[in-house]
Structures are given as C-alpha cells and as structure tokens.
Amino acid sequence: MVNIGRDIISPLSLVTEKGSNEYLLLLEAKERALVDSLCGERYCRERQDFVRQKTKKRVILTQHGLFNRHFVCVRNVKTGESFSPLLRSLGIEKGQRCSRDFKQVLARKASRMPYRKSVEDTRDSFGFSLSRMTIHRYAKDEASDLTVEREAPVDHCVILADGTKVPGAKRHLEPRVIMSIGGTPSDKALVRYSTGLRWKELCQTIDLSQFRVLVGDGEPGLKEALCTTDMRFQYCHVHAIRDVSICLWKDGLSHNKAEPFCKQFERILYCLQASTEKHKQDKDWARLSWRIGKTKDELHSFAAHASAKGLHATAAFVLSHKDDLTTAAEFAILGINVPWTTNPIERVMQEIGIRTKKKGMYWSTPGLDRILRMILKRYFLPPNQRTYKDVFTTSAQEVVKS
C-alpha cells in the first residue's frame, strides 16, 4: 500500500520514517473526511453531487518524503469531472508529482547551490532523489515570471550601480545592477538589473529624475551613462585608493616607493570621513564646509607634488576626480545620507558571485537570468520575509521595510 523511499537505514532515517508514517496517517484521515464531505457516508442512499470511484495509484513528493499509494477518486455527477479530493487539497494537479509550493522549495535550492549539490541536498532533506534536469525545470518554471524590480520609494535620492563578469558558454556575461537606498542600510530597492545591456542602454529604461547622487567606482561608461546633469557622482573611496595605487604602478613606482603616496592619499580621504561624521552629530556645518574646501586643497597639492615627481598618470587621476571624492560630505550638509563606498551594492555582487562564479560553470543568458531573479528577489526582501513563499509570491511593490 505504501512505499517510502530510503537509501540508508540509520537512526536519523528511522526518525524521519516515523515522521513520515505519522504524516501518512494524517493524510488517510484527511482523505476520509474529504471524501465523506463530498459523497456522504459509504452506502448512504441519499443523492449526492459526487460519487466514489475506484482508487488510483500515484507517486507524490512532499516535504515528509516520497509516497506511493492509492488515492480515492470521486466523480462530479453534473460535470463528469473525476479527481482525487486529497491531491486537490494538497495542491497537486493531474500529471504532477508535487504541489507548486514544494516546487518552489526545490527551485529555491537551485538559487543557492549548483544543480548537482541541489540533488544531494534534496535527498538529504526529504529522503528521495530527483535529477538535475528536474530541479532545473522547476527553477525554470517558477523563476521565469518572478518580478524583482520595483519603483524606488519617493524618499530615495541616492542610487548605486555596479556590475560583474560571469563565465558564459561563448563569452563572459556581465550582470549589471542598479539599486536605490534611503536613510538606513536596510532601506534599499532594486531599481533595475540586466544580463546583457550596457550602462547606456540600461539607463534608457529608468526615470532618474528623482535621484540626486550616483555612487560608483571607476568602471568606464558608468558615470557618463547614469549621472545626469542634475546629479552628482560620489567616487567610492575604497576604489579610489586602489586606483591611485594602480596609477602609481603605471608611473613606474615600486610597491615600497608608492606606499608613502598611498598612505598620504588615504589620510586625506579618511580625515574627511571622520570630520563629516563628527560634524553631522554636532551640526557644525560651517566647520564641515571648511573641511571640504581643505580636502580639495590637499588633493590639489597631492596632485601637484605627484606631477613634480613625474607621476603624471597619478596627478591626472586625482585632479579629474577631485570633486567626486567630497560629494558625500557636501550632501551631508543638506541632510542627505550618501555612502562613501559602494559596499551596499558590492554585497549584492557577492551574493551573485557565490552562486554563479564556480569552476566549471558556463552560463547561458536565460539560465543566468533565472538564477539572478531568485537571488536578487531574496536579497532585497527584509530578513524576516526571506522564506520561499515570500520570494515567489510577494510582489516587488509589496516589500515592507524591516
């Protein structure tokens, strides 16, 4: 009557089997109640809209294991439809082995680990095996229509943008993400993402009128594409320090000789950050304005000193981005919180890389897009809403701030 699949007999599997047997008893009791509610008690002569039919053997997959049993079917006298009341109550349609909710649970695994490991994790978690192609099909079905982008809240005036490279079947794919942030780290929204569009093409699909600041790194074309005439650009300080060290290397300095220049550049930026945080608390905006002017003078002197030493690439870099390194401090005077670095969106890139940048992985554009939908939807939900039901059923516009 019942066949519960188990690969290994162990104390853990015995506990799981006990839970499965208890779940089976509940299913049988529920089936009797459902059939009696539709058809009346057995051998009842009163006319009913539903009549009992023969049982039908089916294999179903649940979170309690695999069940191979006979399900009682009933027929609707008026329409002639035949179905199993129990399977319908479980959400398992004709020709299916599991409910859509359970498919979403299995598809969610594919967004966290490779398909091969998803197979192993499914067997460890639920006691039955599925093929990689089956889990891939579930991920394809459930993630294809997932909505992840949303309109930025009206109080968001800062956006961050970044991209990464993922190995593709024929060439590298470049997922690009644009997010907006509010006054707190948890107040964030995914504005737009793409796996194949360039920054200039991507910005054409976005209304940037509400944003005042773009935070980014030195990726070519990023500032030019997204930073409108009414916006300012904040150059990530971490990337700026790294880029200065690269410029010093291009100018021919060894690591030991370049280190004093890097330390001086770091001191200028970190002094500005510390002063800004202090004056935001005591609201001494005049003193902060003086510090901003002082920082620009120090950057100009740093570039002049580098140029005098023959470090022309370093001097040109600092002079070209001098005004972009103090944007966060200038907007602090206006009461707008602008991050100094791209850390919030770098965290998004890290989530993408954990799943997609594995040795031996080569993605197609549709396959990468489906995985990104699940990764991004989960990440931009508040921590208390990151269940599979919220990922697959919560609209992007219904996200609640944590």
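1. A disulfide is taken here as a pair of cysteine sulfur atoms within 2.5 Å. Cys73 is buried, at 11% relative accessible area, where buried denotes under 20%, exposed over 50% and partly exposed in between (1.4 Å probe, protein chains only).

2. The model is predicted; local features require pLDDT of at least 70 and side-chain atom pairs pLDDT 80 or more, whereas totals for chains, interfaces and linings use all residues. Residues are numbered from 1 along each chain as its sequence is written, and side-chain values use heavy atoms, without hydrogens and water.

3. Cys262 is likewise buried, with a relative accessible area of 14%. The sulfur of Cys262 is 9.9 Å from the closest cysteine sulfur, in Cys247, too far for a bond. Across the whole structure, the search returns 0 disulfides.

4. Helix H13 (residues 343–356) has 14 residues and should span 20 Å at 1.5 Å a residue; its end C-alpha atoms are 20 Å apart, in agreement. The expected span is 1.5 Å times one less than the number of residues. Helices (H or I, at least four residues) and strands (E, at least two) are DSSP runs, numbered from the N terminus.

5. The buried residues of H13 include Ile345, Val348, Met349 and Arg355. The buried residues of H13 pack against helix H3 (100–110), H4, strand E4 (158–163), strand E5 (176–181) and H14, with contact meaning heavy atoms within 4.5 Å.
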